[in-house]
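Subject: Structure handover and notes

Dear colleague,

Please find below the structure that I promised to pass on to you. My notes on it come after the model, so that you can read them with the coordinates open.

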Amino acid sequence: MVEGLVIALVAVLCAGALYAASSARVIRQYERGVVLRLGRLRDDVRRPGLTMVVPGVDRLRKVNMQIVTMPVPAQDGITRDNVTVRVDAVIYFKVVDPSSAVIAVEDYRFAVSQMAQTSLRSIIGKSDLDDLLSNREKLNEGLEVMIDSPAVSWGVQIDRVEIKDVSLPETMKRSMARQAEADRERRARVINADAELQASKKLAQAAGEMSEQPAALQLRLLQTIVAVAAEKNSTLVLPFPVELLRFLERAQQQPAVEGAGTGRTGRQPSVNGATGQPPSSSGNGSPLPEEEAPLPGTRTSEQPAAPTPPTPPAVPSSAEQPFAHH
């Protein structure tokens, strides 16, 4: 009889060990366990560690609570300004409600991936090319809101969405390169024009100061000569002051004006107001022997003029006389 009790005890212990081995489950620290008993959800979510389930009755589903990094496949789309682009992204999410992640959706990973792709296409169609290239922070926030709205009901929280790369056609890349080059040239020309304007203002101020002190111009000339001579050149270019050229020009104009005022005509006035011819001279300066005869009606200073006889009054002809009245 004792042997029968020992055999029964051993059988019970073996059955208990087999039951414990089949019902024991280990949940890691980054996991949570969701138990379905006879197809119904249990309210309690199993914590990390050793947990027991009823074999053949309970079904345990482990849910990873870590942040999942999922790449979004590249999507082809047309922007709002009619440019064909290819955009890919990456999404970071985690499960915050294990029960909803198991019950509300069949496969929450696949659902989040599909929602990210459709949202990325929508963002491409609503944005301009400049926004995709330079204003990505705003697009990332909009994309995160679009994915997070349906994911909340799945027990999934979207932590971050980032646009990785924007692929452009080769023709668009060349056009953008030409645009950037033209913009740089424009800014370079504007900077040069501003520099010329500032330099002209400073030169005008310097000219005003030098006009008040003429010696400053000479000192500046000497400084220029010293600076040029320091280069050890074989040829020295000496600037000539323009004021000195103007002074020489005025000095040449004054004798010309005085000569024109004294010897303007060849004839000299006579004593009685009649004009006479100047004596002709030969090449050695002696007067010629022949003198020009005076014109009729003129008189010279040596001979007195003869008195002019009075002119009798004109008598009208018979044809011009008026008819007499008898």
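This is a predicted model: local features need pLDDT of at least 70, side-chain atom pairs count only at pLDDT 80 or more; totals for chains, interfaces and linings use all residues.

Residues are numbered from 1 along each chain as its sequence is written, and side-chain values use heavy atoms, with hydrogens and water left out.

Helices (H or I, at least four residues) and strands (E, at least two) are DSSP runs that are numbered from the N terminus, and two strands are taken to pair if DSSP finds at least two bridges between them. Axes are lines fitted to C-alpha atoms, for helices over the stretch in contact, and angles between N-to-C directions run from 0 to 180 degrees.

The antiparallel pairing of β2 (residues 31-37) with β5 runs over seven bridges, and Gly33 stands opposite Lys62 in β5.

Another open sheet of three strands has the order β6-β7-β8, and its pairing is antiparallel. Its edge strands, β6 and β8, each pair on one side only, and the twist from one strand to the next averages 25°. Between β6 and β7 there are nine bridges in the antiparallel sense, and Pro71 has Val90 in β7 as its bridge partner. Helix α3 packs on this sheet, touching β6, β7 and β8 (contact means heavy atoms within 4.5 Å), and its direction makes about 35° with that of β6. Helix α5 also packs on the sheet, where it touches β7 and β8, and its direction makes about 140° with that of β8.

The largest nonpolar core has 35 residues, and those with the most contacts inside it are Val85, Ile91, Phe93, Tyr108, Val156 and Ile158. Such a core is a set of buried Ala, Val, Leu, Ile, Met, Phe, Trp, Tyr and Cys residues joined through side-chain atoms within 4.5 Å, where buried means under 20% relative accessible area, exposed over 50% and partly exposed in between (1.4 Å probe, protein chains only). Among the elements that each supply at least two residues of this core are β6 (68-78), β7 (84-95), α3 (108-126), α5 (136-151) and β8 (156-167), and α3 gives the most, with seven residues. If residues up to four places away in sequence are not counted, the residues that Phe93 touches include Met70, Tyr108, Val112, Val156 and Ile158.

Helix α6 (residues 170-212) and helix α7 (residues 214-229) pack at an angle of about 115°, with their axes 4 Å apart. In this contact, Met210, Ser211 and Glu212 in α6 meet Pro214, Ala216, Leu217 and Arg220 in α7.

Two loop residues may also deserve a look. Leu38, in the loop between β2 and β3, has a positive phi of about 55° although it is not a glycine, and at 65% relative accessibility Leu38 counts as exposed. Asn82, in the loop between β6 and β7, is likewise not a glycine but has a positive phi of about 60°, and at 66% relative accessibility Asn82 counts as exposed.

Best wishes
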